[in-house]
Amino acid sequence: MVDRSEPLAARMRPRTIEEVLGQPHLLAPDAPLRAAIDAGRVPSMVFWGPPGCGKTTLARLLAAHVAAEFRTLSAVMAGVKDIREAVASAQKARMHGTDTVLFIDEIHRFNKAQQDALLPFVEDGTLTLVGATTENPSFELNSALLSRARVFVLHPLDDAAVDAMLERALTDAERGVAPLELPDDWRRRIIEMADGDARRALVMLEMAADYLGAGGAADEKGLAQVFGRSMRRFDKQGDAFYDQISALHKAVRGSDPDAALYWFCRMIDGGADPGYLARRLARMAYEDIGLADPKALQMALAAWDAYDRIGSPEGELALAEVVIWLAVAPKSNAGYTAYKRAMAAVDQHGSAPVPLHIRNAPTGLMKDLGYGKGYRYDHDEPEAHAAGQQFLPDALVGARFYEPTDRGIESRVRERVRQLRGDGAA
């Protein structure tokens with residue numbers, strides 16, 4: 001008997017593995033997880049994926065599929081004591097021939113001691129661990145625990161999967177919201193706003209059902225009243241954040257202004273701090289454009305300053321225009337590469353002594369020791385350049401850190417460097 005007081009998202013949980021939507025890479029007949037399930041084996045594993053992709057539901061179904069006892073802990077609330085109690089229960093069940101699946105939600109929130117407390121019992125098979133996380137497990141989980149568990153990546157549901165789930169709820173008179181006539185534009189809005197999150201889609205469908213069932217008008221005004229403004233999936237500290245800033249940076253580096261502007265707008269829409277984005281744009285100007293277009297850095301800093309002066313939302317336009325400029329600007333990482341090479345040389349050669357002829361000699365003793373002897377004052381030389389004079393330490397004579405490109409303004413710098421080096425190198 002279905003409890004109609006439960007939220008729609010709870011009532012519509014898949015009852016079998018076949019009902020799970022959106023994860024064919026794991027659950028198709030020839031997929032690795034499905035093969036293990038069909039063989040009656042549930043290995044210890046970690047489900048990594050965004051909210052609402054079915055991590056908890058899948059863990060429950062796996063336990064039921066192999067007739068194992070299912071216990072659940074939340075890493076937000078649980079401690080070592082709770083782990084010990086779960087282990088004791090699993091040991092008792094094992095004595096009666098029943099396996100235990102211990103599901104730990106948000107397992108990335110467990111500290112090292114809590115994760116270590118699980119190790120011996122996962123190792124000896126007292127329990128099968130299924131952890132769920134929205135964070136990259138390679139950063140958040142101990143290597144010892146990771147080595148004992150398989151990591152499966154769950155994807156956000158695509159639009160077709162969300163639509164199929166809505167159809168299920170709209171036609172299921174027992175668990176769903178049938179009979180409900182949901183306008184097509186409302187259905188499209190739910191799919192759009194769900195952004196791959198099954199739970200969010202069902203919550204919004206329930207909101208729509210309550211509003212329309214109470215006599216609310218199925219028009220644009222009602223649509224705006226029920227759903228408000230769409231918000232994309234975004235986590236200001238999690239993987240979605242770093243994935244999107246990576247996409248923005250790589251689109252700029254790849255000279256794609258449309259993609260760069262899209263990812264910038266995605267992050268603004270998701271609530272990213274424009275000041276943070278301004279700082280990253282300045283970094284891109286240094287790292288990926290450099291001396292090919294020195295104006296790029298000036299524009300990035302000016303837009304940053306404009307945002308600080310104007311504020312949101314108008315200040316974001318200045319940043320957006322810089323995103324476009326950086327994307328179409330000629331690219332050079334020659335300065336960035338030169339810096340890393342020079343730092344590596346410093347690390348390799350340590351405190352290499354300054355050549356005597358370019359040392360300062362403010363005292364007679366220093367002059368007697370040869371400080372400054374043989375130094376050629378460049379302004380006394382033709383074209384104000386004492387060609388061939390040594391400035392690097394002896395151990396580094398001939399080292400080349402900066403190799404300018406032939407792109408943008410740096411092409412002129414390249415010619416100048418060739419002249420200064422006097423050997424045809426560029």
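For the residue classes used here, Ala, Val, Leu, Ile, Met, Phe, Trp, Tyr, Cys and Pro count as nonpolar, Asp, Glu, Lys and Arg as charged, and the others, Gly among them, as polar. The structure is a predicted model, in which local features need pLDDT of at least 70 and side-chain atom pairs count only at pLDDT 80 or more, while totals for chains, interfaces and linings use all residues. Residues are numbered from 1 along each chain as its sequence is written, and side-chain values use heavy atoms, with hydrogens and water left out.

## The second largest pocket

A pocket is taken on a 1 Å grid over the protein atoms alone, as an open set of points where a 1.4 Å probe fits, with protein on both sides within 12 Å along at least five of seven lines. Lining residues have an atom within 4 Å of a point. Grid points are joined across faces, edges and corners, and a volume is the space filled by probe spheres set on the points.

The second largest pocket holds about 610 Å³ of space. It is lined by 19 residues, of which Q389, F391, R400, L420 and R421 are the closest to its centre. By class, this lining comprises 10 nonpolar, 7 polar and 2 charged residues.

## The parallel sheet

Helices (H or I, at least four residues) and strands (E, at least two) are DSSP runs, numbered from the N terminus. Two strands pair if DSSP finds at least two bridges between them. In general, strands of a sheet pair through backbone hydrogen bonds, either parallel or antiparallel.

Five strands form an open sheet in the order β2-β3-β4-β1-β5, with parallel pairing. Its edge strands are β2 and β5 (150-153), each of which pairs on one side only. Neighbouring strands of this sheet are turned by 20° against each other on average, direction ignored; the axes are lines fitted to C-alpha atoms, and angles run from 0 to 180 degrees between N-to-C directions.

| Strand pair | Sense | Bridges |
|---|---|---|
| β2 (69-74) and β3 (100-105) | parallel | 6 |
| β3 and β4 | parallel | 5 |
| β1 (45-48) and β4 (128-133) | parallel | 4 |
| β1 and β5 | parallel | 4 |

F70 has V101 in β3 as its bridge partner, and F103 stands opposite V130 in β4. From β3 the chain crosses through helix α6 (residues 112-123) to β4, and this β-α-β crossover is right-handed. A crossover is called right-handed if, with the strands pointing away from the viewer, the path from the first strand over the helix to the second runs clockwise. A right-handed β-α-β unit is also made by β2, helix α5 (residues 80-95) and β3.

V46 has G131 in β4 as its bridge partner. W48 stands opposite T133 in β4, and the bridge partner of W48 in β5 is V153. M45, which lies in strand β1, stands opposite R150 in β5. The C-alpha atoms of M45 and L145 are separated by 9.8 Å, although these residues are 100 residues apart along the chain.

For accessibility, buried means under 20% relative accessible area, exposed over 50%, and partly exposed in between (1.4 Å probe, protein chains only). M45 counts as buried because its relative accessibility is 0%. In β4, 6 of the 6 residues are buried, so this strand is largely enclosed by the rest of the structure. Both faces of β4 are covered: T128, V130 and A132 are buried on one side, and L129, G131 and T133 on the other.

## Backbone features in the loops

The bond from A178 to P179 is cis, with omega near -5°, and P179 is found in the loop between α9 (159-171) and α10 (184-194). The bond from S312 to P313 is likewise cis, with omega near 0°; P313 is placed in the loop between α16 (295-310) and α17 (315-328).

S255 has a phi of about 60° and is found in the loop between α13 (239-253) and α14 (257-270). S255 counts as partly exposed because its relative accessibility is 37%. A384 has a positive phi of about 55° and lies in the loop between α19 (364-368) and α20 (410-421). At 38% relative accessibility, A384 also counts as partly exposed.
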